[in-house]
Amino acid sequence: MITTKIAFVLLLLLVIPVILIPSFAQPGPGPAPLPSCEEAKPGITCEASIRIVTLLLDKNQYSGGDDLLLTIEVINESPNDSIVVNLEVQANWIVGKPTSESVTIPSNTTEKVSISFSSSKTVTGRQILQVRALGMDPNDSSVHSESGTLLQVPFKPPPTPILPILILVLIVLGMLFFVLYTTRSLDKL
């Protein structure tokens with residue numbers, strides 16, 4: 001009798017949320033659409049806006065001293081103006097200060113921008129790369145936009161040091177020799 005009451009209560013606890021959740025999940029009004037630059041009221045500026053969509057490296061893993069090729073998709077979110085985009089990358093393991101060639105991205109479209117740079121010979125493990133896309137209106141140099149992100153770049157792991165492993169092996173062999181020597185001397189007694 002008690003188990004049937006417990007089963008009934010558990011069933012109610014499972015069924016009631018299923019009934020109530022759809023009533024709470026009514027879609028509300030969406031965000032208001034942004035006004036276009038042509039409809040902008042006085043005092044409202046229509047700024048350029050770019051955003052990094054995807055990042056793609058040319059290899060899965062690098063060695064120290066390798067050249068890296070990074071390809072990025074950048075979207076121009078400006079409703080009317082084309083934007084000229086350059087890429088910059090920053091990290092303490094990069095050789096020099098590389099910048100990409102300029103790419104003009106028409107309004108409301110996505111284009112690929114690539115940048116190539118070299119790594120230092122001593123870099124190992126996973127490293128962080130700061131990527132910035134810098135956009136500027138080709139007709140008005142005062143209108144500019146920026147988008148940035150971080151990217152993890154995998155390099156080969158550092159070599160395993162042999163000295164600690166060698167010391168551990170010598171200690172284990174020494175303990176094994178000591179145990180064998182003491183058990184043989186006890187057998188002779």
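Which backbone nitrogen does the side chain of N76 reach?

## Basis of the model

The model is predicted; local features require pLDDT of at least 70, side-chain atom pairs count only at pLDDT 80 or more, and totals for chains, interfaces and linings use all residues. Residues are numbered from 1 along each chain as its sequence is written, and side-chain values use heavy atoms, with hydrogens and water left out.

## Surroundings of N76

The side chain of N76 reaches the backbone nitrogen of S78 at 2.9 Å. N76 is located in strand β2 (strands are DSSP runs of E, at least two residues, numbered from the N terminus). With 0% relative accessibility, N76 counts as buried (under 20% relative accessible area, 1.4 Å probe, protein chains only).

Neighbours within four places in sequence aside, the residues in contact with N76 include S49, I50, D81, S82 and I105 (contact means heavy atoms within 4.5 Å).

## Aromatic pairs

The structure contains 4 aromatic pairs (rings of Phe, Tyr and Trp, the last by its six-membered ring, with centres within 6.5 Å; planes under 30 degrees apart are stacked, over 60 edge-to-face, the rest tilted). In one of them, the ring centres of Y62 and F155 are 5.9 Å apart and the planes stand at 50 degrees, so the pair is tilted. Y62 lies in the loop between β1 (50-57) and β2 (67-76), and F155 in the loop between β8 (144-154) and α2 (162-188), so the pair ties together parts 93 residues apart in sequence. Both Y62 and F155 are buried.

The rings of W93 and F117 have centres 6.4 Å apart and planes at 50 degrees, so this pair is tilted. Y62, W93, F117 and F155 form one aromatic cluster.

Key. Helix = DSSP H or I, 4+ residues; strand = E, 2+ residues; numbered from the N terminus. Buried < 20%, exposed > 50% of the residue type's maximum accessible area, 1.4 Å probe, protein only. Polar contact = N/O pair within 3.5 Å; in protein donor to acceptor, adjacent residues only side chain to side chain.
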